[in-house]
Amino acid sequence: MAFKTTSLNQNVSDDGRRELTVKEFKRWLLRFDADKDGRISKSELRQVLRATGGWFSVRKGRAGIKSADRDGNGFVDECEIENLIHFAQKELGVRIIPY
């Protein structure tokens with residue numbers, strides 16, 4: 001999946017997938033934190049998916065929260081961002097590199 005928004009880093013890997021560092025991904029993700037509480041809610045994750053041009057944002061938003069939200073509180077917080085990174089790589093076709 002290619003990101004439609006131009007605000008993301010324009011690095012593209014050989015296989016055509018967008019590449020971001022973990023730091024870039026976190027910074028970009030927190031732009032969607034509407035209430036600025038440092039957590040990503042289900043509705044905020046849907047906004048992320050819409051910004052990437054993703055299809056089925058409601059279903060994927062639920063799946064993203066479910067896969068990332070280990071404590072079951074309905075939010076992805078700082079300690080669960082790593083789980084959301086894995087979801088983005090698997091379901092959204094984003095390559096997130098550690099450096």
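Which residue does the side chain of Asp37 meet in a salt bridge, and how many Å separate N and O?

Mentor: Asp37 meets Arg39, at 3.2 Å from N to O. Before going on, note that this is a predicted model: local features need pLDDT of at least 70, side-chain atom pairs count only at pLDDT 80 or more, and totals for chains, interfaces and linings use all residues. Numbering starts from 1 along each chain as its sequence is written, and side-chain values use heavy atoms, with hydrogens and water left out.

The term salt bridge here means a side-chain nitrogen of Lys or Arg within 4 Å of a carboxyl oxygen of Asp or Glu. The structure holds three of them. Accessibility is the next thing to check. Buried means under 20% relative accessible area, exposed means over 50%, and partly exposed lies in between, with a 1.4 Å probe and protein chains only. Asp37 is partly exposed at 31%. Arg39 is also partly exposed, at 26%.

Next comes Lys26 with Glu78. Their side chains meet at 3.4 Å, N to O. Lys26 lies in helix α1 and Glu78 in the loop between β3 (75-76) and α4 (81-91), so this pair ties together parts 52 residues apart in sequence. Helices (H or I, at least four residues) and strands (E, at least two) are DSSP runs, numbered from the N terminus. Lys26 is partly exposed, with a relative accessible area of 26%. For Glu78 the value is 48%, again partly exposed.

The remaining bridge joins Glu19 and Arg95. Their closest N and O atoms are 3.9 Å apart. Glu19 sits in strand β1 (residues 19-21) and Arg95 in strand β4 (residues 95-97), so the pair ties together parts 76 residues apart in sequence. Arg95 has a relative accessible area of 25% and counts as partly exposed.

Now step back to the fold. The chain has four helices and four strands. Along the sequence the pattern is β-α-β-α-α-β-α-β. Of its 99 residues, 42% count as buried. Contact means heavy atoms within 4.5 Å. Among contacts between residues at least 6 apart in sequence, 51% join residues at least 24 apart.

Then look inside. A nonpolar core is a set of buried Ala, Val, Leu, Ile, Met, Phe, Trp, Tyr and Cys residues joined through side-chain atoms within 4.5 Å. The largest one has 21 residues, and those with the most contacts inside it are Phe25, Leu29, Val76, Leu84 and Ile96. Helices α1, α2 (42-51), α3 (57-68) and α4 each supply at least two residues of this core. The largest share, five residues, comes from α4.

Take Leu29 from that set. Leu29 lies in helix α1 (residues 22-30), the helix that also carries Lys26. Leu29 counts as buried because its relative accessibility is 1%. Leaving out residues up to four places away in sequence, Leu29 touches Ile40, Val48, Ile81 and Leu84. Leu29 and Val48 are 19 residues apart in sequence, yet 7.1 Å apart in space, C-alpha to C-alpha.

Finish with Ile96. With residues up to four places away not counted, Ile96 touches Leu20, Thr21, Val22, Phe25, Ile85, Ala88 and Gln89.
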